[in-house]
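Welcome, and please take a moment to look over the model below.

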Amino acid sequence: MAGTGTAHLRPAEDVLLRVEDLLVEFKLKRGAKVNAVTGISFDVKPGETLGLVGESGCGKSTTGKAIMQLPPPTGGRVIFEGRELTGLSGKEMRQTRTKVQMIFQDPISSLNPRRKIEDIVAEGLDIWKTGDKGARSRKVDEMLLTVGMDPDVARGRRPFQFSGGQCQRISIARAVVTEPEMIICDEPVSALDVSVQAQILNLLEDMKARYGLTMIFIAHDLAVVKNISDRVVVMYLGKICEVTAPDQLYAHPSHPYTQALLGAIPVPDPDVRPEDRPVVGGEIPSPVSPPSGCRFRTRCPRAQDTCAEVEPQIREIAPDHFVACHFPLAPGEKLIVSTNGSSSTGERQPIPSEAVGSDRPESGSPAEGLAGAGSTQGQSQDREVTVPTASRDDASGDAEVGSAELPSPEPVRPGETSRSGDIGPRHASSEGPAQGVGEGPPPLETSGSGTDAPTTEAAGPTGPVSLPKRPTAEPSEHDVPDYDAEHRSEGDDKS
Ligand SMILES: Nc1ncnc2c1ncn2[C@@H]1O[C@H](COP(=O)(O)OP(=O)(O)OP(=O)(O)O)[C@@H](O)[C@H]1O
Ligand code: SF4
Ligand SMILES: [Mg+2]
């Protein structure tokens, strides 16, 4: 099945979090099960931001929750600071959650509607009785100011009195208040409009720098992830396809799925017609009965018999660039898409293992030969697909948006999230298989300057509140809310 292996893992002593062979299955009736996440491995170094991307339903949220043990995974290991989390008792895990926090996917429903904002933000401090009541209260004020909210206005109100963007700021304050080592951000901007997305992304960058956070940033939008990640993991149907640095991923996407995902990013150029961009049609297979061999094979234009029989293992095809594919794209090679939507499927041979660990195949190398054999270049009806590139340095803060002041309550403006089975531009050719396909928000440019990235200076001066950094006293059972139960219902209602 697409993407198993640990070749991309770094030495255990260098990483803060290491996930090995993570397996999450959800039992259904009559013995069936959802294979939500199947044997994935990845790690995160201290201070690093790991982007986790893939289309809807590929298992991103399940992976994030499994790290938090919400619920514990079916199999595999989650090692944080050298400690295996899957074997911890409930109390030990609750204590660990002060060091690993999660910002959940839906900013509004992830906040308890019956509680006041001051109680929501203070929850982590109250549970562990961190400092005295006055210190906790000052810490809540500090956090609200840091995320650009006026404590005097926000404290006594409830989540439904805020917009989606404001609720996301509150979620960030709640996550950071316990001074965690790591934050898992589960699509923190996907439900927000583009201008508010830029604000929240800038805020997260500020918080990361200010508190020295390590981050896992989950998104289905590669444009967003590129700007803030040090390393990107691309997932498809519960498996890993590709792992590398974002610049490399954009410049040389090697897994056919990655290139299709990149091609789905809208290009803000009227001369680039939607039908000129890569399209991978077909429905996402059911995770209840995923395809044999490579899970992407039912939609992959390059699939061969081998792909159905042998699961590709993750291997290094260039320095720090890992791919799980029998026939990865050579550097510069594009998915060739015909005007009628069909793709080239010429005979290909796997890249020999000698190429593994060396630099990218040069001209005339086996990989390039395969591309030539498989492509239909030169045929007039085919088009090469241009993958948009951008760099972190491009970020210019164009998304000038409001101030850090708490605005009056505004309606929530949910963004569009494609759940289509096709990957590609929304208005692709009617002849091709991309009808009705989804599109993500346009690429974002983020920068610390020029946006409303809130600072304590902007919102008012407050000295840092001094609190014991880590929990000092074990709370009584009575004090500890059933955090697991609070989030269990969230996952249980999916099917
Ligand atoms: N509690 C559950 N019971 C049964 N199936 C589940 C449960 N939670 C998740 N799933 C299934 O597991 C798969 C992965 O779900 P997950 O929420 O992790 O996807 P995702 O990548 O986060 O998608 P999205 O981008 O839409 O948030 C999906 O097929 C989903 O339906
Ligand atoms: S070429 Fe084969 S192994 Fe590679 S993504 Fe396509 S189906 Fe999977
Ligand atoms: Mg999700």
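## Around ligand 2

Of the 14 residues around ligand 2, those that come nearest are Cys294, Arg297, Cys300, Cys307 and Cys325; a residue is near a molecule or strand if its C-beta atom, placed from the backbone, lies within 6 Å of it. The shell around ligand 2 divides into 10 nonpolar residues, two polar and two charged. Here Ala, Val, Leu, Ile, Met, Phe, Trp, Tyr, Cys and Pro count as nonpolar, Asp, Glu, Lys and Arg as charged, and the others, Gly among them, as polar.

A few words on how to read this: it is a predicted model, in which local features need pLDDT of at least 70, side-chain atom pairs count only at pLDDT 80 or more, and totals for chains, interfaces and linings use all residues. Residues are numbered from 1 along each chain as its sequence is written, while chains are lettered from A and ligands numbered from 1 in the order in which they are written.

Helices (H or I, at least four residues) and strands (E, at least two) are DSSP runs, numbered from the N terminus. Two strands pair if DSSP finds at least two bridges between them. Four strands form an open sheet with antiparallel pairing, in the order 2-1-4-5. Strand 2 and strand 5 (83-84) stand at the edges with a single partner strand each, so one side of each is left without a neighbour in the sheet.

Strand 1 and strand 2 form a hairpin with five residues between them, and arginine 30 in the turn has a positive phi of about 55°. Leucine 22 stands opposite isoleucine 40 in strand 2. The table sets out two pairings of strand 1.

| Strands | Sense | Bridges | A bridge pair |
|---|---|---|---|
| Strand 1 (residues 17-27) and strand 2 (residues 33-44) | antiparallel | nine bridges | arginine 18 and aspartate 43 |
| Strand 1 and strand 4 (residues 75-80) | antiparallel | five bridges | glutamate 20 and arginine 77 |

Glycine 51 stands opposite valine 232 in strand 9.

How many residues of helix 10 are buried? Eight of its eight residues are, where buried means that 20 or more other C-beta atoms lie within 10 Å of a residue's own, with C-beta atoms placed from the backbone. Among the elements that cover them are helix 8 (222-228) and helix 9 (246-251).

## Valine 189

Valine 189 lies in the loop between strand 7 (182-186) and helix 7 (194-211). Valine 189 counts as buried because it has 26 C-beta neighbours inside 10 Å. Leaving aside its neighbours within four places in sequence, valine 189 is in contact (C-beta atoms, placed from the backbone, within 7 Å) with Gln197, Ile200, Leu201 and Val224.

Definitions and conventions: Buried ≥ 20, exposed ≤ 12 C-beta atoms within 10 Å, placed from the backbone. Contact = placed C-beta atoms within 7 Å.
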